[in-house]
Amino acid sequence: MTRTNRVIVDECVGAQSALMQRFRQTLPPAQPVEFVRLGEVHRAIPEVDLLRRLLGPDTILLTMDRVLHNQVCDLGFRSYTLDDCPK
């Protein structure tokens, strides 16, 4: 059974941004994905709450914030950003 990945989209990531386009290219064609846009659902959520409440084993964070990206990776969660060396 294929599990649904929940993709948390940071407020700084636009729907047509290069980051979103590149991320969509990495998804397998049949992969079910639920996109959660922070700007719509959790507007101005503090990063500590984002890290503590929204991230889990089935989530991926899309962000342009390098510090937040590194924090998420250090906690063992998945984060995707534009980079030559993805984590």
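Modeller: Here we go through confidence, overall fold, core and one arginine.

Modeller: This is a predicted model, where local features need pLDDT of at least 70, side-chain atom pairs count only at pLDDT 80 or more, and totals for chains, interfaces and linings use all residues. Residues are numbered from 1 along each chain as its sequence is written, and side-chain values use heavy atoms, with hydrogens and water left out.

Biologist: What pLDDT does the protein chain average?

Modeller: The average is 86, and 91% of the residues score at least 70. pLDDT is the predictor's confidence in each residue, from 0 to 100.

Biologist: Where is confidence lowest, and where is it highest?

Modeller: It is lowest in α3, with a mean of 85, and highest in β3, at 94.

Biologist: How many helices and strands are there?

Modeller: Four helices and four strands. Both are DSSP runs, numbered from the N terminus: helices are H or I, at least four residues, and strands are E, at least two. Along the sequence the pattern reads β-α-β-α-α-β-α-β.

Biologist: Zoom in on α3. Which of its residues are buried?

Modeller: α3 covers residues 47-54, and D49, L50, L51 and L54 are buried there. Buried means under 20% relative accessible area, exposed over 50%, and partly exposed in between (1.4 Å probe, protein chains only).

Biologist: What do those buried residues pack against?

Modeller: They pack against β1 (5-9), α2 (38-41), β3 (59-62) and α4 (66-74).

Biologist: Which residues make up the largest nonpolar core?

Modeller: It has 10 residues: I8, V36, L38, L50, L51, L54, L55, L61, L68 and V72. The largest share, three residues, comes from α3. A nonpolar core is a set of buried Ala, Val, Leu, Ile, Met, Phe, Trp, Tyr and Cys residues joined through side-chain atoms within 4.5 Å.

Biologist: Take L38. What is it in contact with, beyond its sequence neighbours?

Modeller: Leaving aside neighbours within four places in sequence, L38 is in contact with I8, V9, D10, E11, R43, I45, L50 and L54. Contact means heavy atoms within 4.5 Å.

Biologist: New topic: R78. Where is it found?

Modeller: R78 is in strand β4 (residues 78-80). Its relative accessibility is 34%, so it counts as partly exposed.

Biologist: What does its side chain reach?

Modeller: The R78 side chain reaches the backbone oxygen of P57 at 3.4 Å. It also makes a polar contact with the side chain of N5, at 3.1 Å. A polar contact is a pair of N or O atoms within 3.5 Å; within protein, one must be able to donate a hydrogen and the other to accept it, and residues adjacent in sequence count only if both atoms are side-chain atoms.
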